[in-house]
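Good morning, and thank you for joining.

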Amino acid sequence: MLDYIVVGLGLAGISFCEQLEENSKTFCVISNDSQTSSVVAGGMYNPVILKRFTLAWNAKEQLEKALPFYSNLEKKLQIKLDTKVPVLRRFASIEEQNIWFEASDKPQLNCFLSTTIKNNTNIAIDADFGYGEVLETGRIDTKILLKKYSEYLLSNKKLQIETFYFEDLKFEENSVSYKGLKAKHVVFATGYGLKENPYFSYLPLNGTKGELLTIKAPNLKEINVIKSSVFIIPLGNDLYRIGATYKWKDKTNEPTRASKDELLEKLNTFLNCDFEVVAHVAGIRPTVADRRPLVGTHPEHKRLHVLNGFGSRGVMIAPTASKELFNAIDKGEAINPEMDITRFTKKYFKN
């Protein structure tokens with residue numbers, strides 16, 4: 001008898017597995033790597049929404065949990081995950097500078113927004129009005145994290161790389177069983193794959209397609225993350241990640257020419273050096289209409305749970321949301337009502 005079966009191994013699945021290991025719970029993960037949003041993510045943690053100069057939802061509290069979480073994973077897996085890197089918001093006008101200063105006066109933002117305008121010294125970038133610097137930012141290497149965590153679970157015989165078939169899930173009096181496995185609880189952390197889940201498909205998971213480019217630009221020589229109409233994220237070795245697009249109708253993981261052209265058009269409005277596109281990837285972000293996660297227990301099947309809906313901020317949200325779900329299941333604690341799926345039960349669940 002296992003304590004848990006975890007379905008899915010993106011940022012949500014990994015963060016929940018860490019809760020289980022921390023609390024000495026037995027578990028097995030089932031994942032087929034079909035959902036790619038964590039793999040193709042930019043990996044940035046940034047507490048500020050730079051389009052509107054506002055604080056992201058519960059950003060301060062999320063950072064307080066996320067940074068130690070990734071630090072512990074670095075020690076556990078013996079890898080480098082967290083790179084501290086400034087995020088510079090490119091100003092397009094004096095008016096934007098003024099809005100930045102107004103935002104930096106707000107109590108919840110003043111610890112994250114520098115009040116010193118940084119002048120642009122990089123001739124490869126057009127930024128006549130300079131930059132505003134966001135503090136407490138960095139990048140998690142999500143690709144290496146997913147790879148190394150999968151290897152870690154495989155070495156401990158805790159991962160089965162296969163598709164989860166819902167028809168093989170059986171309910172027993174005090175447990176659930178699946179293909180010879182028996183567990184007290186099943187947690188679905190499947191990203192946009194939740195749409196195919198017959199137990200949680202009533203939840204309003206929308207899914208937003210995002211596409212990213214990787215360019216090689218030997219003359220760019222930029223060490224900061226630049227946010228303008230697109231992000232430029234330095235990866236080292238003259239490589240930079242460019243993103244991202246937001247498409248609501250296309251639900252495939254296939255990169256498109258239209259999104260590539262869109263990213264290049266925006267990039268060329270402020271980049272003044274030659275570059276070569278060396279990679280183009282796409283994934284579906286698990287997004288929700290109210291921009292809050294989906295965390296909680298099925299209204300009828302009390303041994304089935306969901307951890308989902310992190311959108312584009314999975315790096316920051318995952319550690320907090322996974323702890324909320326574990327404490328709810330194991331200790332009976334209430335989930336933050338803003339992320340608890342009970343907010344949708346009456347409207348969407350049909351008895």
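**Aromatic pairs and charges over rings**

At 10% relative accessibility, Phe 164 counts as buried, where buried means under 20% relative accessible area, exposed over 50% and partly exposed in between, with a 1.4 Å probe and protein chains only. This is a predicted model, in which local features need pLDDT of at least 70 and side-chain atom pairs count only at pLDDT 80 or more, while totals for chains, interfaces and linings use all residues. Residues are numbered from 1 along each chain as its sequence is written, and side-chain values use heavy atoms, leaving out hydrogens and water.

Rings of Phe, Tyr and Trp (its six-membered ring) pair if their centres lie within 6.5 Å; planes under 30 degrees apart count as stacked, over 60 as edge-to-face and the rest as tilted. By this rule there are 13 aromatic pairs. In one of them, the ring centres of Phe 91 and Trp 100 are 5.6 Å apart and the planes stand at 75 degrees, so the pair is edge-to-face. Phe 91 is buried, at 1% relative accessible area, and Trp 100 is buried at 1% relative accessibility. Phe 164 and Phe 166 are also edge-to-face, because their centres are 5.3 Å apart and their planes at 70 degrees.

I turn to charges over rings, which require NZ of Lys or CZ of Arg within 6 Å of the ring centre and within 35 degrees of the ring normal. The charged end of Lys 227 sits over the ring of Phe 231, 5.5 Å from its centre. Arg 285 lies over the face of Tyr 246, 3.9 Å from the ring centre.
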